[in-house]
Structure formats: structure tokens, C-alpha cells
Amino acid sequence: MGLIGTLTHASFDIMLIAVCLAGIRRSTGLTLRIGYFENKNYRSVLGFIVGAGENILDVAAAFMAGYPSIFRRQDPRISHNSDENPNR
């Protein structure tokens, strides 16, 4: 894999982790303490990455909300086994 392929793969992995962190923050309230890092550049880059993860999660949720025949809202406290399959 060339340099561009490696950079693309690493960027995708970083964004995937950022989206996971955004989902964890929204579902549990736990968040990355960016101030923990002393280097100002690290804090800046991490802040950008976490913000991008939040934006990607928002876009994905809006996309899914546009297809109510496939996706539905459910209380997270309800078991996932309650999904009904109308084709059964």
C-alpha cells in the first residue's frame, strides 16, 4: 500500500474512533478530557477530531431519520429483542 493509501486508512480509522467517542459521550456522558494533554497542539488536534466525530454522528443520525421504514426510534432502556419483523 502506498503512502496515500496508508494515510487514507489511518484517517478513516481515526474518524471511526472519533465517532465511537461521540456515541459513548452521548449515551453515557463519559468524554475525553482534552485538557489532560499538556501540549497545545495535541489539544487542538484532538478537539478538532472529536468535533468532527460529533458532526459525522449527527449526519449519520439525520440520514437514518430520513428512512423511517428501515430505522425507528427506540428507548435505549428497552431490550433489543423487541424488534418485530413484519415479514415473518
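Author: The side chains of Glu-54 and Arg-26 meet in a salt bridge, with N and O 2.8 Å apart; the term stands for a side-chain nitrogen of Lys or Arg within 4 Å of a carboxyl oxygen of Asp or Glu. Glu-54 lies in helix α2 and Arg-26 in helix α1, so the pair ties together parts that are 28 residues apart in sequence. Helices here are DSSP runs of H or I with at least four residues, numbered from the N terminus.

This is a predicted model, in which local features need pLDDT of at least 70 and side-chain atom pairs count only at pLDDT 80 or more, while totals for chains, interfaces and linings use all residues. Residues are numbered from 1 along each chain as its sequence is written, and side-chain values use heavy atoms, with hydrogens and water left out.

Glu-54 also forms a salt bridge with Arg-25, again given as 2.8 Å from N to O. That pair links distant parts of the chain, Glu-54 in helix α2 and Arg-25 in helix α1, 29 residues apart. The side chains of Glu-54 and Arg-25 make a polar contact at 2.8 Å as well (a pair of N or O atoms within 3.5 Å; within protein, one must be able to donate a hydrogen and the other to accept it, and residues adjacent in sequence count only if both atoms are side-chain atoms).

Leaving aside neighbours within four places in sequence, Glu-54 is in contact with Ala-22, Arg-25 and Arg-26, where contact means heavy atoms within 4.5 Å. Glu-54 counts as buried because its relative accessibility is 13%; buried means under 20% relative accessible area, exposed over 50% and partly exposed in between, with a 1.4 Å probe and protein chains only.

At 36% relative accessibility, Asp-58 counts as partly exposed. Salt bridges that share partners join Arg-25, Arg-26, Glu-54 and Asp-58 into one network. The count of salt bridges by this rule comes to three.

Key. Helix = DSSP H or I, 4+ residues; strand = E, 2+ residues; numbered from the N terminus.
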